[in-house]
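Please walk through this protein chain one element at a time.

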Amino acid sequence: MAPVFSSPQLFYPSLPLSRRPRWPRMDSSVPHHRTDQSKTKLIVLMGATGSGKSRLSIDLAGHFPHSQIVNSDKMQLFNGLDITTNKIPIHERKGVPHFLLGEFDSIEADVAASQFRSVAGTTIADIASRGNLPLLVGGSNTFIHALLVETFDPEEDVFAESGSASPVLRYDCCFVWVDMAWSVLSEYLGKRVDEMLDSGMFEELAQFYDPTKAGVMVGLRKAIGVPEFDAYFRKFPPWESPENGVVPDKDSDPIRREAYEEAVKEIKDNTYRLAKRQIGKILRLKEAGWDLTRLDATATFQALMEKKKRQPSSSPSAAAELEWRWIWEREVVEPSVKIVKRFLEE
């Protein structure tokens, strides 16, 4: 399926990739409220969980070498549970600087939207003041809204039924929205949960489990996976038996296996719900007048899922790997590069 764009004018010729784009510098001491002529240029990558935002941010940084990434995923702000919260591993960052990724050491207190606005705003100002290009990447649209709007009211829920998001932004934003058919995204999200478990998510949560805080929903404890497996570990405490700290296989105690499978099902169901909420909020922002350019990644993830079905092992063939990657480059990366180049030249 071809990618979808808001305007064909995004494909006008632009400067060679080798030329460093120019954008306004912003001194970190200058207040964030400013005239239109001096607004900092900011690339904003949006999309539901699992849509490929992190992958795209690294790809874009390869085309724009002075890019630096600012995380806007509220669970990834916290230090810990790297597998459970899907933090991009260091080796996959390819040397691109990341900010606000695992930098909050206090994991038992929520980060308010107003706090994120302040911290992320300072981070973006610092990046831009050094002549670098800030990329905001993450799925927490409440945080994205709080950060970007010119006037923010922490008491107002703009995503409530009667709420309304402001179209007036304090940055000069280029929005890239990675989207895909729900049937493909939901299939991929379910598979991704399985892969996270194969990568050590269960063991990570077994070490994180604290019976004195089970049921406490605050900070990092809100991450999908924590409450679902807390219920499992209450029945099978990991310190009582070595078997309780590892994934029960099909030959394990059937009661323990059933409890495990129920937790996994709840994780997948809650992940689907999260993705639907995120998409709903993105649509609300678009309806409010945010200029979001939608790219359709359906074909990419269809090819990726087919690769996983044909190659269930962790070592897919080179041809299968190249197939989905080629589609991703053609339908998501290349259009994104053209969109960003055009934006930086304006």
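Glu266 lies in helix H7, where helices (H or I, at least four residues) and strands (E, at least two) are DSSP runs numbered from the N terminus. Glu266 is partly exposed, with a relative accessible area of 33%; buried means under 20% relative accessible area, exposed over 50%, and partly exposed in between (1.4 Å probe, protein chains only). In sequence Glu266 and Ile224 are 42 residues apart, while their C-alpha atoms are 9.1 Å apart in space.

The model is predicted: local features need pLDDT of at least 70 and side-chain atom pairs count only at pLDDT 80 or more, whereas totals for chains, interfaces and linings use all residues. Residues are numbered from 1 along each chain as its sequence is written, and side-chain values use heavy atoms, with hydrogens and water left out.

The protein chain has nine helices and six strands. Of its 346 residues, 51% count as buried. Contact means heavy atoms within 4.5 Å. Among contacts in the protein chain with a separation of 6 or more, 79% are between residues 24 or more positions apart.

Two packed helices are described by the angle between their axes and the distance between the axes. Helix H7 (residues 254-287) packs with helix H3 (residues 141-148) at an angle of about 30 degrees, and the axes are 10 Å apart. Axes are lines fitted to C-alpha atoms, for helices over the stretch in contact, and angles run from 0 to 180 degrees between N-to-C directions. H3 and H7 are therefore roughly parallel to each other, as angles under 35 degrees count as roughly parallel, over 145 as roughly antiparallel, 65 to 115 as roughly perpendicular and the rest as oblique. From H3, Asn141, Thr142 and His145 make the contact, and from H7, Gln278, Lys281, Ile282 and Leu285.

Which residues have the most contacts inside the largest nonpolar core? They are Val44, Leu148, Phe175, Phe229 and Trp290, in a core of 58 residues. A nonpolar core is a set of buried Ala, Val, Leu, Ile, Met, Phe, Trp, Tyr and Cys residues joined through side-chain atoms within 4.5 Å. Elements that give two or more residues to this core include strand E1 (41-46), H3, strand E5 (172-179) and H7. H7 provides the largest share, seven residues. Domain 1 (26-181 + 290-345) and domain 2 (187-272) each supply at least three residues to this core; the domain bounds come from an automatic or database domain assignment. Not counting residues up to four places away in sequence, Val44 touches Leu136, Ile144, Leu148, Cys173, Cys174, Phe175 and Val176.

In H6, the buried residues are Val226, Glu228, Phe229, Asp230, Tyr232 and Phe233. The buried residues of H6 pack against H4, H5 and H7.

A second, separate core has 42 residues, including Val96, Val137, Tyr188 and Ile339. Val137 sits in strand E4 (residues 133-137) and is buried, with a relative accessible area of 6%. Val137 and Val70 are 67 residues apart in sequence, and 6.1 Å apart in space, C-alpha to C-alpha. Leaving aside neighbours within four places in sequence, the contacts of Val137 include Leu45, Lys53, Ile69, Val70 and Asp73.

Thr300 belongs to helix H8 (residues 298-310). Thr300 is buried, with a relative accessible area of 1%. Beyond neighbours within four places in sequence, Thr300 is in contact with Trp324, Ile327, Trp328 and Val332.
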